[in-house]
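Here are a few exercises to work through with the model open in your viewer. Try each one before you read the solution.

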Amino acid sequence: MKLSISVVGTGRMGSALARALLQSGYRTTVWNRTKQKAEPLAALGATVATSVLEAVNAAEIIIVNVSDYQASAVLRDDAVASAIRGKLIVELTSGTPHGAREAAEWFAAHGASYLDGAIMATPDFIGTDAGTILISGPRQAFDANEEMFRALGGNVQHVGEEPGRANALDSALLALMWGALFGTLHAIAVCQAEEIDLGELGRQWTAIAPVIDGLVADLIKRTNAGRFASDDETLSSISPHYGAFQHLLELMEARKIDRSAVDSYDAIFQRAIAAGHLHDDFAALSQFLESPDKRSLRSGPREGSLLAG
Ligand code: NAP
């Protein structure tokens, strides 16, 4: 007999999660603030609960997928809190590492097990082999329910016991994604200003995508190894990057394209170059991402102790 699972929140993603569970034969109860959005799931076999408490009472595992952690507070109601003892809460709402740690403490204090996850996929990937969800929290709670997680996606992974880890990885991977998407916006703006057909941009992008993939992988690998000085395997040092980057700045300035995002890249280049890294590997830039506030905080006490000495 498969476990009973409740899904709290049936927006686009929550509905996809519930559909995947139903397809795999789980007895599934759903609750949504706006009940009409949960009702189509009844036709697929779900029970539609009329309150969060009813959804919690109906299942051993409660999957939460609402817009943010503030909305997840529907589970922290006094009546609901007393019903969650002994149950497993799987929070799949997007949030911060800090939010996940706070929630883990709250649920532990109320006698529930807690796993926090980050969904690295759009709803159409849920329930497919390519569906990726990162889960952090007690390994034993993940292992004991691996079959249920596999129903949600073929690439559901436990990424660590520390509850904030999945959300931290989520933000890191999204930073990478937005870097690419905002970079694409700049590429589009440059092509439009220079009257280059966007179909041409699409074709050229496809041709150079493997080069960029290689650079990203190399940057992560070299930073991990702390190999910042140029060596025989360096693909490109900061110097040629910075030269080509100046051409982009010049073009954007001439064509009146908003430079605010790329100016912040320039600031990182300049900090590294001022510190003597012009001919080091591009990975050396990874040492110059701290905010100016943090840098001055770090240098403050050192200066103070010198004075004191
Ligand atoms: P959505 O379609 O806008 O659904 C939002 C859900 O949150 C709805 O069920 C909504 O209920 C509920 N909600 C909002 N405020 C609430 C409150 N105060 N109390 C109770 N319920 C509340 O969004 P979604 O795309 O499903 O995204 C849900 C979560 O999945 C988000 O954290 C999102 O970042 C994450 N996610 C989504 C995707 C994606 O591609 N869609 C990918 C990865 C992660 P109502 O229907 O009553 O408004």
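**Exercise 1.** Is Glu-195 buried or exposed?

*Solution.* Some ground rules before the number. This is a predicted model, where local features need pLDDT of at least 70, side-chain atom pairs count only at pLDDT 80 or more, and totals for chains, interfaces and linings use all residues. Residues are numbered from 1 along each chain as its sequence is written, and side-chain values use heavy atoms, with hydrogens and water left out.

Step 1: recall the cut-offs, with buried under 20% relative accessible area, exposed over 50%, and partly exposed in between (1.4 Å probe, protein chains only).
Step 2: Glu-195 has 75% relative accessibility, so it counts as exposed.
Step 3: Glu-195 sits in the loop that links helix H7 (165-193) to helix H8 (198-225); helices here are DSSP runs of H or I, at least four residues, numbered from the N terminus.
Step 4: check the backbone. Glu-195 isn't a glycine, yet its phi is positive, about 55°. Most residues other than glycine have a negative phi.

**Exercise 2.** Which residues does Phe-282 contact, leaving aside its neighbours within four places in sequence?

*Solution.* Step 1: locate Phe-282 in the loop between H10 and helix H11 (292-308).
Step 1: take contact as heavy atoms within 4.5 Å. The partners of Phe-282 are then Leu-219, Ser-236, Ser-237, Ile-238, His-241 and Phe-269.
Step 2: Phe-282 has a relative accessible area of 24%, so it is partly exposed.

**Exercise 3.** Describe the surroundings of the ligand.

*Solution.* Step 1: count the shell, using a heavy atom within 4 Å as the test. 20 residues surround the ligand, and the closest are Met-13, Asn-32, Thr-34, Lys-37 and Ser-94.
Step 1: sort by class. The shell has 7 nonpolar, 10 polar and 3 charged residues.
Step 2: list polar side-chain atoms by their distance from a ligand oxygen atom: Thr-34 at 2.5 Å, Lys-37 at 2.7 Å and Asn-65 at 3.2 Å.
Step 3: get the cover. The ligand taken alone exposes 890 Å², and the protein buries 75% of that (Shrake-Rupley method, 1.4 Å probe).

Key
A polar contact is a pair of N or O atoms within 3.5 Å; within protein, one must be able to donate a hydrogen and the other to accept it, and residues adjacent in sequence count only if both atoms are side-chain atoms. Ala, Val, Leu, Ile, Met, Phe, Trp, Tyr, Cys and Pro count as nonpolar, Asp, Glu, Lys and Arg as charged, and the others, Gly among them, as polar. Helices (H or I, at least four residues) and strands (E, at least two) are DSSP runs, numbered from the N terminus.
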